[in-house]
Amino acid sequence: MSSQTVVIAGATGFIGNYFRQRFIAEGWQVRTVGRDASADAQWNDDGAITRALNGAELLVNLAGRSVNCRYNERRRREILDSRVLTTRALGRAVAACAEPPGTWINSSTGTIYRHAEDHPQSEVSGELGSGFSVDVARAWEDELAAADVPGTRRVPLRIAIVLGAGGVMSPLRNLARLGLGGHMGPGTQKFSWIHVEDLFRVVLFIHGHGELSGPVNAATPYPVDNRELMSLVRQSMGVPFGIPTPAWLLEAGAVLIRTQTELVLKSRWVEPRKLLDAGFAFEHPSLAGALNEIAEGNR
């Protein structure tokens, strides 16, 4: 039997690199779409993307410029285009395939939900928020829904903050190292997250469970608040204390660390209701365990 083929779009980032290695380890044939010269197909070549996708079983789109930057007009446009235009290009290519992939899992974001400290936001009962990040997420999901690919099941994956070696943990670990690893702002804001290995397992799970459709939340069922998050980051690094950062100081400091305060001040409380109902079991459900595993890898 020939090995299964997966196409990963946007395979050069932290998640994409991890996915590529894990799929290969699981015996999959991996093809890639990206800007990189090493990719099997470049974004500006619809024909090459179609050839890469034809006969593949699974398409995973992770493409999108990092939101970990200061937003100006140019960067806002890049953040939006890098998600919407890549999804549109994949839609054209899937539509042109003689043998289209059976499953297309497209990144979305848990940030699509409103700031929530009162109760968790599930796929069914969650309320969408407002603002630039939410507008991007809506446009991203709308583009996936608009693709004319009746033979392909499309699942927007609303991903919480992904933890692993690298990614979002680096700036938090740097703050802790400098003694600034206390809680940020009020400290009550929820931090929804998922370990990168569980995210990989979620993708395989969705692919194997044809009954899952519509948006799926990818987040551990055990979020923490910011106060506990920073405490656990300090513990995993053996740092005894951290100075809290009030919101006004974060606004000033965000200019220096070149990011948006929304990334740490918005309360993201994402509930993986569909995954839990379908029987998915998390390998890294608790943040303490996940951070210790990541810290071990960084030593």
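These legends describe close-up views of a predicted model.

View 1. Seven strands, written S3-S2-S1-S4-S5-S6-S11 in sheet order, form an open sheet with parallel pairing. Strand S3 (41-42) and strand S11 (216-218) stand at the edges. Each has a single partner strand, so one side of each lacks a neighbour in the sheet.

**View 2. Strands S4 and S5, with helix H6 across the sheet.** S4 (residues 58-61) and S5 (residues 103-109) run parallel and are joined by 4 bridges. Asn-61 stands opposite Asn-106 in S5. Helix H6 (residues 196-208) lies across S4, S5, S6 (153-159) and S11. The helix runs at about 155° to S6.

View 3. The whole structure holds 6 aromatic pairs. In one of them, the ring centres of Phe-19 and Phe-23 are 6.3 Å apart. Their planes stand at 75°, so the pair is edge-to-face. Both residues belong to helix H1 (residues 14-25), 4 residues apart, or about one helical turn. Ring pairs link Phe-19 and Phe-23 with Trp-28 and Phe-200 into a cluster.

**View 4. Phe-205 against Phe-280.** Phe-205 and Phe-280 are both buried. Their ring centres lie 5.2 Å apart with planes at 75°, so this pair is edge-to-face. Phe-205 lies in helix H6, and Phe-280 in the loop between helix H10 (273-277) and helix H11 (287-298). The pair therefore ties together parts 75 residues apart in sequence.

**View 5. Arginines over aromatic rings.** The charged end of Arg-76 sits over the ring of Phe-132, 4.8 Å from its centre. Arg-83 lies over the face of Trp-140, at 5.0 Å from the ring centre.

**View 6. Salt bridges of helix H3.** The model has 13 salt bridges. One of them joins Asp-81 and Arg-77 at 3.0 Å, N to O. These two residues lie 4 residues apart in helix H3 (residues 73-95), about one turn. Asp-81 is partly exposed at 24% relative accessible area, and Arg-77 is partly exposed at 47%. Arg-88 meets Glu-143 at 3.0 Å, N to O. Arg-88 is in helix H3 and Glu-143 in helix H4 (residues 132-146), so this bridge ties together parts 55 residues apart in sequence. Arg-88 is partly exposed at 36%; Glu-143 is buried at 16%.

View 7. Glu-141 and Arg-158 meet in a salt bridge of 2.8 Å, N to O. Glu-141 lies in helix H4 and Arg-158 in strand S6, so the pair ties together parts 17 residues apart in sequence. Glu-141 is buried at 14% relative accessible area. Arg-158 is buried at 6%. Elsewhere, salt bridges link Arg-22, Glu-26 and Glu-197 in a network.

Methods
Residues numbered from 1 in each chain as written. Predicted model: local features only at pLDDT ≥ 70, side-chain atom pairs only at ≥ 80, totals over all residues. Heavy atoms only, no water. Pairing = 2+ DSSP bridges. Contact = heavy atoms within 4.5 Å. Axes fitted to C-alpha atoms, helices over the stretch in contact; angles between N-to-C directions. Phe/Tyr/Trp six-rings, centres within 6.5 Å; stacked < 30°, edge-to-face > 60°. Buried < 20%, exposed > 50% of the residue type's maximum accessible area, 1.4 Å probe, protein only. Lys NZ or Arg CZ within 6 Å of the ring centre and 35° of its normal. Salt bridge = Lys/Arg side-chain N within 4 Å of Asp/Glu carboxyl O.
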